[in-house]
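Let's take a walk through this structure together, one piece at a time. Keep the picture open beside you and look for each part as we reach it.

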Amino acid sequence: MKFIINYWNILSSVGIPEDANASDVKRIKLTNRFGIIAVFFTLPYIFGFYAYGFEKLSFTLCFISVIYLTTILFNFFQLYNCAKLVLYCSVLVHQFIVASVFGESAEVHLMYMALILLPIVLYDSQKDALWIVFYFTITIIAIVVLFATHFSLL
């Protein structure tokens with residue numbers, strides 16, 4: 001168990017510069033942790049979808065899981081906004097694909113309500129208001145596309 005905790009702390013701290021303030025440190029750690037947690041929660045779905053014959057969806061989720069982990073890589077190279085953008089867009093695409101595959105009755109699109117809170121957590125609302133507005137805008141566009149295509153885009 002101690003190995004897992006140490007590994008978790010090491011991955012969470014990737015990309016933190018020496019001169020970062022406490023708020024930035026928390027946001028970098030949070031971005032890294034969200035990437036890891038997203039993979040952790042996606043894995044059972046990958047196996048489940050594969051077991052029930054949804055191979056394409058399973059492989060797509062594998063690819064998205066790899067993209068989730070690239071947030072750590074972007075933070076390592078101190079591309080913090082890029083890491084946040086990749087994390088948010090990969091979650092958005094992940095939810096969009098699953099909602100399109102299973103349709104409106106699966107109610108996957110309701111996760112967008114929680115997703116819209118992610119930029120508020122990842123960014124400083126006073127310094128990065130334009131980023132937050134950008135994320136809100138692409139989320140609203142995704143929801144409109146889902147409803148306009150009657151959840152059957154894919």
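Start where α2 passes α4: the crossing there is left-handed. Keep in mind that what you are looking at is a predicted model. Two packed helices are described by the angle between their axes and by the distance between those axes. For α2 and helix α4, which covers residues 80–102, the angle is about 25° and the axes lie 10 Å apart. Angles under 35 degrees count as roughly parallel, so α2 is roughly parallel to α4.

Which residues make the contact between these two? On the α2 side you'll find R27, I28, T31, F34, G35, T42 and F49. On the α4 side there are Y80, A83, K84, L87, H94 and F102. Sort them by class and you get seven nonpolar, four polar and two charged residues.

Now look at α2 from its other partner. Helix α2 (residues 22–51) also packs with helix α3 (residues 55–76), at an angle of about 165° and with the axes 9 Å apart. Over 145 degrees counts as roughly antiparallel, and therefore α2 and α3 are roughly antiparallel to each other. Their crossing is left-handed. From α2, the contact residues are I28, T31, N32, G35, I36, A38, V39, T42, Y45, I46, F49 and Y50. From α3, they are E55, L57, S58, F59, L61, C62, S65, Y68, L69, T71, I72 and N75. In this contact, 15 residues are nonpolar, eight are polar and one is charged.

S65 sits in helix α3. Is S65 buried or exposed? Its relative accessibility is 6%, so S65 counts as buried. Setting aside neighbours within four places in sequence, S65 is in contact with V39, T42 and I46.

The second one is Y68, also found in helix α3. With 2% relative accessibility, Y68 counts as buried. What does Y68 touch, not counting residues up to four places away in sequence? The list is G35, A38, V39, T42, L87, S90, V91 and H94. For a sense of distance, take Y68 and F54: they are 14 residues apart along the chain, and their C-alpha atoms are separated by 21 Å.

There's a contact to find at the start of the chain, too. S12 has its place in helix α1, which runs over residues 2–12. The relative accessible area of S12 is 0%, so S12 is buried. Beyond its neighbours within four places in sequence, S12 is in contact with I28, K29, N32 and R33.

Helix α4 has another packing partner, α7. Here the angle is about 15° and the axes are 11 Å apart, which means α4 is roughly parallel to α7. This time the crossing is right-handed. α4 brings N81, K84, L85, Y88, C89, L92, F96, A99 and S100 to the contact. α7 brings W131, F134, Y135, I138, T139, A142, V145 and L146. By class, the residues of this contact divide into 13 nonpolar, three polar and one charged.

Next, follow the chain out of α4. Just after α4, G103 takes a positive phi of about 85°. Then comes E107, in the loop between α4 and α5. The phi of E107 is near 60°, a positive value in a residue other than glycine. At 48% relative accessibility, E107 counts as partly exposed.

Further on, L117 lies in the loop between α5 (111–115) and α6 (118–122). The relative accessible area of L117 is 48%, so L117 is partly exposed. L117 and F136 are 19 residues apart along the chain, and their C-alpha atoms are separated by 8.9 Å.

Our last stop is H150, in the segment after α7 (129–148). The phi of H150 is near 55°, again a positive value in a residue other than glycine. With a relative accessible area of 65%, H150 is exposed.

Terms used:
Residues numbered from 1 in each chain as written. Predicted model: local features only at pLDDT ≥ 70, side-chain atom pairs only at ≥ 80, totals over all residues. Heavy atoms only, no water. Axes fitted to C-alpha atoms, helices over the stretch in contact; angles between N-to-C directions. Helix = DSSP H or I, 4+ residues; strand = E, 2+ residues; numbered from the N terminus. Parallel < 35°, antiparallel > 145°, perpendicular 65-115°, else oblique. Left-handed = near helix turned anticlockwise from the far one by under 90°. Contact = heavy atoms within 4.5 Å. Nonpolar A, V, L, I, M, F, W, Y, C, P; charged D, E, K, R; others polar. Buried < 20%, exposed > 50% of the residue type's maximum accessible area, 1.4 Å probe, protein only.
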